[in-house]
Amino acid sequence: QKEKVACFARKKIFTKEGRRILTFANIGGLKDLEIALENGAEGVGLFRTEFLFMDRGTMPTEEEQFRVYKEAAKRLDRKTLTIRTLDIGGDKSLPYLKMEKESNPFLGLRAIRLCLKNPEIFETQLRAILRASVYGNIRVMFPMISCMDEFQRAKSVLDSCKQQLEQKGVPFDSSIKIGMMIEIPSAALLAEKFAKQVDFFSIGTNDLIQYTLAVDRMNERISDLYNPLHPAVLRLIQMTISAALQAGIPCCMCGELASDERAIPLLLQYGLNEFSVSPGVLAEIKSVLLQSVGS
Ligand code: PEP
Ligand code: MG
């Protein structure tokens, strides 16, 4: 494993046509980031910020969040840092946040829906991200977007946070890139429309598969039906990548399918240029990618 890491960590990947393929890491905090960088991550494609909020008794303050995002940005030294806003709900809850019991939590008040209903939590996080954005190459990403209105509302909250900081003379990257997860079939089906409004996509296959096939990603009794290579799933992925290419925006994949050896050649063929995987499998995936592009 060590040899593999050393061998692949610094390699740059190009397709035969000269397309640059980037390998990013999915992280849940600074510890993961360290492993990611040791393993040659060229950036972070997904920072799951919910882990900063979990396993504690109170909401992390703006200052606490700012410090973590800033540290991550600095350690990445101008490499891309994609910070996803809070994705709570579904299977994840916070002990200090009162949440109504729902009969279908994965179809309920989750992720961006919860944030839009709790503007204080959302704004606190967005201000922390904006303030950290002067220390590196940060981009913001909204999870679980299902319709255009949701994206526009999230974006306008970000705009108002920018105004708040501006008024106080607090510096931030005013041209910070704003992207969205494509992890709900409605978003994939409307990828062409979204691509005109957002700066980048990231395909979350874990949820996209669950919602497309109506198969709970956590339920072992139906795991045989959770088929990442289902033609309907592949078609949605292809549509998303094509829409991004057409609009000239970057498209990443941060779901588990990005590290599925069976899918990688197909994803490259679809035109996917950014693969974001868990830090532990980066070297392995780089080697599969290199093989797939034939170098
Ligand atoms: C996904 O849904 O594929 C994804 C990357 O997000 P999460 O696994 O955090 O829901
Ligand atoms: Mg998801």
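Within the protein chain of this predicted model, confidence is lowest in helix α1 (residues 2-8), with a mean of 68, and highest in strand β7 (residues 200-203), at 99; the score is pLDDT, the predictor's confidence in each residue on a scale from 0 to 100. Over the protein chain the mean pLDDT is 96, and 98% of the residues reach 70 or more, while the complex receives an ipTM of 0.99 and a pTM of 0.97 from the predictor. Because the model is predicted, local features need pLDDT of at least 70 and side-chain atom pairs count only at pLDDT 80 or more, whereas totals for chains, interfaces and linings use all residues. Residues are numbered from 1 along each chain as its sequence is written, and chains are lettered from A and ligands numbered from 1 in the order in which they are written.

Two helix pairs can be followed next. Helix α4 (residues 62-76) packs on helix α6 (residues 119-132) at an angle of about 35°, the axes being 8 Å apart.

The axes of helix α10 (residues 205-213) and helix α11 (residues 231-247) come within 10 Å and cross at roughly 125°. That angle makes α10 oblique to α11, since angles under 35 degrees count as roughly parallel, over 145 as roughly antiparallel, 65 to 115 as roughly perpendicular and the rest as oblique. Leu 208, Ile 209 and Thr 212 of α10 meet Ala 232, Val 233 and Leu 236 of α11, a set with five nonpolar residues, one polar and no charged.

Finally, Pro 143 sits in the loop between β5 (137-142) and α7 (148-168). Pro 143 is buried because 27 other C-beta atoms lie within 10 Å (20 or more count as buried, 12 or fewer as exposed, and in between as partly exposed, with C-beta atoms placed from the backbone). Leaving aside residues up to four places away in sequence, Pro 143 touches Arg 84, Thr 85, Asp 87, Ala 111, Ile 112 and Met 181.

Terms used:
Helices (H or I, at least four residues) and strands (E, at least two) are DSSP runs, numbered from the N terminus. Two residues are in contact if their C-beta atoms, placed from the backbone, lie within 7 Å. Axes are lines fitted to C-alpha atoms, for helices over the stretch in contact, and angles run from 0 to 180 degrees between N-to-C directions. Ala, Val, Leu, Ile, Met, Phe, Trp, Tyr, Cys and Pro count as nonpolar, Asp, Glu, Lys and Arg as charged, and the others, Gly among them, as polar.
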